[in-house]
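Look through the structure below before reading on.

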Amino acid sequence: MRTSLLIVAAGSGTRLGYGMPKAAVPLGGSTILEQCLARIPLTAFSQVVLIVPADSPELAETGRYFAEQNPDADIVVTTGGKTRAQSVANGMAKVTEGTDAVLIHDAARPLTPAGCFERVKTALAASADGVVTALPVVDTIKEVAADTVKRTVDRSNLVAVQTPQGFSVAALQEAQQHLTTLSPVEAESITDEAMLLERAGKIVKTVSGSALALKITTAADLHLAELLLTDLNS
Ligand code: CTP
Ligand code: MG
(Lines give C-alpha, C1' and ligand atoms only; values in the text may rest on other atoms or scores of the structure.)
(Ligands and ions follow the chains in the order given, each with its own letter.)
Protein backbone atom coordinates (compact mmCIF):
# COMPACT_ATOMS: atom_id res chain seq x y z
CA MET A 1 0.00 0.00 0.00
CA ARG A 2 1.47 3.37 -1.04
CA THR A 3 1.09 5.79 1.86
CA SER A 4 2.04 9.49 1.92
CA LEU A 5 2.54 11.54 5.06
CA LEU A 6 1.44 15.20 5.01
CA ILE A 7 2.90 17.40 7.74
CA VAL A 8 1.04 20.68 8.13
CA ALA A 9 3.41 23.33 9.46
CA ALA A 10 2.07 26.45 7.75
CA GLY A 11 0.24 28.05 10.70
CA SER A 12 1.18 31.43 12.11
CA GLY A 13 1.23 30.48 15.82
CA THR A 14 -0.83 33.52 16.85
CA ARG A 15 -1.84 32.06 20.23
CA LEU A 16 1.75 31.10 21.06
CA GLY A 17 2.65 34.74 20.47
CA TYR A 18 6.30 34.40 19.45
CA GLY A 19 6.00 36.74 16.48
CA MET A 20 7.15 33.95 14.17
CA PRO A 21 5.50 30.86 12.65
CA LYS A 22 4.92 28.25 15.37
CA ALA A 23 6.99 25.58 13.58
CA ALA A 24 10.07 27.87 13.79
CA VAL A 25 9.78 28.43 17.55
CA PRO A 26 12.73 27.03 19.58
CA LEU A 27 12.17 23.71 21.39
CA GLY A 28 14.76 21.44 23.01
CA GLY A 29 17.74 23.10 21.34
CA SER A 30 16.23 23.02 17.83
CA THR A 31 12.78 24.04 16.59
CA ILE A 32 9.26 22.64 16.85
CA LEU A 33 9.47 21.51 13.20
CA GLU A 34 12.87 19.82 13.63
CA GLN A 35 11.68 18.00 16.76
CA CYS A 36 8.63 16.80 14.82
CA LEU A 37 10.67 15.61 11.82
CA ALA A 38 13.13 13.75 14.08
CA ARG A 39 10.37 11.39 15.32
CA ILE A 40 8.83 10.37 12.00
CA PRO A 41 9.29 6.73 10.95
CA LEU A 42 10.36 7.72 7.43
CA THR A 43 10.63 4.18 6.05
CA ALA A 44 6.88 3.66 6.69
CA PHE A 45 6.01 6.20 3.97
CA SER A 46 6.38 6.26 0.18
CA GLN A 47 6.38 10.06 0.28
CA VAL A 48 6.49 12.89 2.82
CA VAL A 49 4.91 16.24 1.93
CA LEU A 50 5.94 19.07 4.22
CA ILE A 51 3.71 22.15 4.11
CA VAL A 52 5.39 25.35 5.36
CA PRO A 53 4.24 29.00 5.46
CA ALA A 54 4.65 30.85 2.14
CA ASP A 55 6.52 33.66 3.94
CA SER A 56 9.08 31.55 5.84
CA PRO A 57 12.30 30.87 3.91
CA GLU A 58 13.75 29.46 7.19
CA LEU A 59 11.14 26.70 7.43
CA ALA A 60 11.44 25.92 3.70
CA GLU A 61 15.20 25.59 4.31
CA THR A 62 14.57 23.20 7.24
CA GLY A 63 12.51 21.09 4.82
CA ARG A 64 15.20 21.13 2.12
CA TYR A 65 17.87 20.16 4.67
CA PHE A 66 15.67 17.29 5.92
CA ALA A 67 15.33 16.06 2.32
CA GLU A 68 19.10 16.32 1.79
CA GLN A 69 19.80 14.35 4.97
CA ASN A 70 17.41 11.58 3.88
CA PRO A 71 18.27 10.99 0.22
CA ASP A 72 16.44 7.63 0.11
CA ALA A 73 13.10 9.18 1.07
CA ASP A 74 10.79 11.05 -1.32
CA ILE A 75 10.38 14.39 0.49
CA VAL A 76 8.50 17.30 -1.08
CA VAL A 77 8.32 20.80 0.44
CA THR A 78 5.39 23.04 -0.50
CA THR A 79 3.62 26.10 0.90
CA GLY A 80 0.34 26.31 2.81
CA GLY A 81 -2.67 28.60 2.71
CA LYS A 82 -4.71 30.80 5.03
CA THR A 83 -6.50 27.93 6.78
CA ARG A 84 -5.39 24.46 7.87
CA ALA A 85 -7.83 22.97 5.34
CA GLN A 86 -6.22 25.01 2.55
CA SER A 87 -2.77 23.88 3.67
CA VAL A 88 -3.94 20.25 3.57
CA ALA A 89 -5.40 20.83 0.09
CA ASN A 90 -2.06 22.28 -1.12
CA GLY A 91 -0.31 19.21 0.30
CA MET A 92 -2.79 16.80 -1.31
CA ALA A 93 -2.05 18.43 -4.68
CA LYS A 94 1.56 17.18 -4.34
CA VAL A 95 0.66 13.57 -3.48
CA THR A 96 1.93 11.18 -6.13
CA GLU A 97 -0.62 9.61 -8.49
CA GLY A 98 -1.47 6.05 -7.40
CA THR A 99 -1.11 6.74 -3.66
CA ASP A 100 -3.57 4.59 -1.65
CA ALA A 101 -3.57 6.36 1.71
CA VAL A 102 -2.45 9.59 3.38
CA LEU A 103 -1.64 10.41 6.97
CA ILE A 104 -2.06 14.04 8.03
CA HIS A 105 -0.07 15.28 11.01
CA ASP A 106 0.22 18.64 12.82
CA ALA A 107 3.79 19.88 13.23
CA ALA A 108 2.36 21.52 16.37
CA ARG A 109 2.50 18.03 17.99
CA PRO A 110 6.29 17.67 17.77
CA LEU A 111 6.79 14.98 20.45
CA THR A 112 4.40 12.46 18.82
CA PRO A 113 6.16 9.09 19.03
CA ALA A 114 6.74 6.96 15.91
CA GLY A 115 4.34 4.33 17.29
CA CYS A 116 1.34 6.62 16.71
CA PHE A 117 2.14 6.82 12.98
CA GLU A 118 2.61 3.06 12.80
CA ARG A 119 -0.70 2.30 14.57
CA VAL A 120 -2.64 4.58 12.19
CA LYS A 121 -0.97 3.06 9.13
CA THR A 122 -1.65 -0.51 10.27
CA ALA A 123 -5.32 0.18 11.10
CA LEU A 124 -5.83 1.88 7.73
CA ALA A 125 -4.34 -1.07 5.88
CA ALA A 126 -6.80 -3.29 7.77
CA SER A 127 -9.58 -1.59 5.77
CA ALA A 128 -10.93 1.51 7.58
CA ASP A 129 -11.78 4.61 5.49
CA GLY A 130 -10.22 6.80 8.16
CA VAL A 131 -8.28 6.34 11.41
CA VAL A 132 -7.64 8.88 14.17
CA THR A 133 -5.40 8.66 17.21
CA ALA A 134 -7.36 9.22 20.40
CA LEU A 135 -7.09 9.22 24.19
CA PRO A 136 -9.89 8.69 26.73
CA VAL A 137 -11.23 11.89 28.28
CA VAL A 138 -10.13 11.96 31.93
CA ASP A 139 -11.69 15.22 33.12
CA THR A 140 -15.34 15.40 34.14
CA ILE A 141 -17.14 17.20 31.32
CA LYS A 142 -20.03 19.62 31.97
CA GLU A 143 -22.42 21.16 29.50
CA VAL A 144 -23.00 24.81 30.41
CA ALA A 145 -25.20 27.74 29.44
CA ALA A 146 -23.03 30.83 29.99
CA ASP A 147 -21.64 30.19 33.51
CA THR A 148 -24.33 27.78 34.68
CA VAL A 149 -23.94 24.01 34.58
CA LYS A 150 -26.76 22.33 32.66
CA ARG A 151 -25.61 18.73 33.10
CA THR A 152 -22.65 16.39 33.39
CA VAL A 153 -21.85 14.55 30.18
CA ASP A 154 -21.24 10.79 30.31
CA ARG A 155 -17.57 10.60 29.37
CA SER A 156 -17.38 6.80 29.04
CA ASN A 157 -17.89 7.09 25.28
CA LEU A 158 -15.83 10.24 24.77
CA VAL A 159 -12.28 10.46 23.42
CA ALA A 160 -10.01 13.40 22.61
CA VAL A 161 -8.49 13.06 19.16
CA GLN A 162 -4.96 13.93 18.09
CA THR A 163 -2.91 13.60 14.93
CA PRO A 164 -1.70 11.76 12.92
CA GLN A 165 -5.03 10.99 11.24
CA GLY A 166 -5.07 8.67 8.24
CA PHE A 167 -7.40 8.27 5.28
CA SER A 168 -7.84 6.16 2.21
CA VAL A 169 -7.33 8.55 -0.71
CA ALA A 170 -10.50 7.23 -2.42
CA ALA A 171 -12.63 7.83 0.72
CA LEU A 172 -11.15 11.30 1.21
CA GLN A 173 -11.86 12.26 -2.40
CA GLU A 174 -15.45 11.00 -2.11
CA ALA A 175 -15.90 12.94 1.14
CA GLN A 176 -14.54 16.11 -0.49
CA GLN A 177 -17.06 15.59 -3.28
CA HIS A 178 -19.80 15.30 -0.63
CA LEU A 179 -18.63 18.63 0.84
CA THR A 180 -19.70 20.41 -2.34
CA THR A 181 -23.30 19.32 -1.64
CA LEU A 182 -23.39 20.95 1.83
CA SER A 183 -24.58 24.46 2.67
CA PRO A 184 -21.79 27.03 3.34
CA VAL A 185 -22.72 27.03 7.07
CA GLU A 186 -22.49 23.22 7.29
CA ALA A 187 -19.24 23.21 5.29
CA GLU A 188 -17.77 25.84 7.64
CA SER A 189 -18.55 23.67 10.69
CA ILE A 190 -16.26 20.87 9.45
CA THR A 191 -13.00 21.31 11.34
CA ASP A 192 -10.94 18.31 10.28
CA GLU A 193 -10.74 15.65 7.61
CA ALA A 194 -12.11 12.93 9.93
CA MET A 195 -15.28 15.01 10.42
CA LEU A 196 -15.56 15.34 6.65
CA LEU A 197 -15.50 11.55 6.33
CA GLU A 198 -18.02 11.11 9.16
CA ARG A 199 -20.41 13.49 7.39
CA ALA A 200 -20.04 11.50 4.18
CA GLY A 201 -21.00 8.30 6.04
CA LYS A 202 -17.53 6.75 5.96
CA ILE A 203 -16.08 4.50 8.68
CA VAL A 204 -13.59 6.31 10.91
CA LYS A 205 -11.82 4.20 13.54
CA THR A 206 -9.69 5.16 16.53
CA VAL A 207 -6.34 3.82 17.67
CA SER A 208 -4.46 4.73 20.82
CA GLY A 209 -2.76 8.14 20.78
CA SER A 210 -0.10 9.30 23.22
CA ALA A 211 0.19 11.88 26.00
CA LEU A 212 3.40 12.91 24.24
CA ALA A 213 1.37 13.92 21.17
CA LEU A 214 0.10 17.03 22.99
CA LYS A 215 -0.54 20.02 20.75
CA ILE A 216 1.50 23.14 21.43
CA THR A 217 -1.00 25.98 21.32
CA THR A 218 -0.05 28.34 24.16
CA ALA A 219 3.14 29.28 26.02
CA ALA A 220 2.15 26.86 28.82
CA ASP A 221 2.05 23.96 26.31
CA LEU A 222 5.52 24.92 25.04
CA HIS A 223 6.83 24.92 28.61
CA LEU A 224 5.31 21.46 29.20
CA ALA A 225 6.87 20.15 25.97
CA GLU A 226 10.30 21.43 27.12
CA LEU A 227 9.87 19.61 30.45
CA LEU A 228 8.78 16.39 28.72
CA LEU A 229 11.79 16.57 26.39
CA THR A 230 14.14 16.99 29.35
CA ASP A 231 12.57 13.87 30.91
CA LEU A 232 12.78 11.94 27.63
CA ASN A 233 16.47 12.83 27.24
CA SER A 234 17.49 12.05 30.83
N1 CTP B 1 -1.74 24.92 9.98
C2 CTP B 1 -1.36 25.05 8.65
N3 CTP B 1 -1.86 26.08 7.88
C4 CTP B 1 -2.68 26.99 8.42
C5 CTP B 1 -3.08 26.87 9.78
C6 CTP B 1 -2.59 25.82 10.55
O7 CTP B 1 -0.58 24.23 8.15
N8 CTP B 1 -3.12 27.99 7.66
C9 CTP B 1 -1.15 23.85 10.79
C10 CTP B 1 -0.28 24.40 11.92
O11 CTP B 1 1.04 24.67 11.43
C12 CTP B 1 -0.33 23.31 12.95
C13 CTP B 1 -1.69 22.65 12.70
O14 CTP B 1 -2.16 23.12 11.44
O15 CTP B 1 0.70 22.35 12.80
C16 CTP B 1 -2.67 22.95 13.82
O17 CTP B 1 -2.95 24.35 13.82
P18 CTP B 1 -2.83 25.31 15.10
O19 CTP B 1 -2.39 24.54 16.28
O20 CTP B 1 -4.06 26.15 15.15
O21 CTP B 1 -1.55 26.22 14.71
P22 CTP B 1 -1.52 27.72 14.22
O23 CTP B 1 -2.63 27.98 13.27
O24 CTP B 1 -0.11 28.00 13.77
O25 CTP B 1 -1.76 28.50 15.61
P26 CTP B 1 -2.79 29.72 15.87
O27 CTP B 1 -4.15 29.17 15.55
O28 CTP B 1 -2.58 30.06 17.32
O29 CTP B 1 -2.36 30.84 14.95
MG1 MG C 1 -4.72 27.79 13.97
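Which residue in β5 is the bridge partner of V49? The partner is V76. The model in which this pair is found is predicted.

## Strands β4 and β5

Strand β4 covers residues 47–52 and strand β5 covers residues 75–79. The two run parallel and are joined by five bridges. Strands of a sheet pair through backbone hydrogen bonds, and the pairing is either parallel or antiparallel.

Helix α2, residues 57–69, belongs with these strands: β4, α2 and β5 form a β-α-β unit that is right-handed.

## The sheet

What is the order of the strands in the open sheet? Seven strands make up this sheet, in the order β5-β4-β1-β6-β10-β7-β11, and the pairing is mixed. The edges are taken by β5 and β11 (204–208); each has a single partner strand, so one side of each lacks a neighbour in the sheet. On average, neighbouring strands are turned by 25° against each other, direction ignored.

At the β11 edge, the partner strand is β7, residues 130–136, which runs parallel to β11 and is joined to it by five bridges. Within this pairing, G130 stands opposite V204 of β11.

## Helices on the sheet

Helix α2 touches β4 and β5, and its direction makes about 170° with that of β5.

Helix α5, residues 169–179, also packs on the sheet, where it touches β6 (101–106), β7 and β10 (159–168). The direction of α5 makes about 105° with that of β10.

Note on methods: Residues numbered from 1 in each chain as written. Chains lettered and ligands numbered in written order. Predicted model: local features only at pLDDT ≥ 70, side-chain atom pairs only at ≥ 80, totals over all residues. Pairing = 2+ DSSP bridges. Helix = DSSP H or I, 4+ residues; strand = E, 2+ residues; numbered from the N terminus. Right-handed = clockwise from strand over helix to strand, strands pointing away. Axes fitted to C-alpha atoms, helices over the stretch in contact; angles between N-to-C directions. Contact = placed C-beta atoms within 7 Å.
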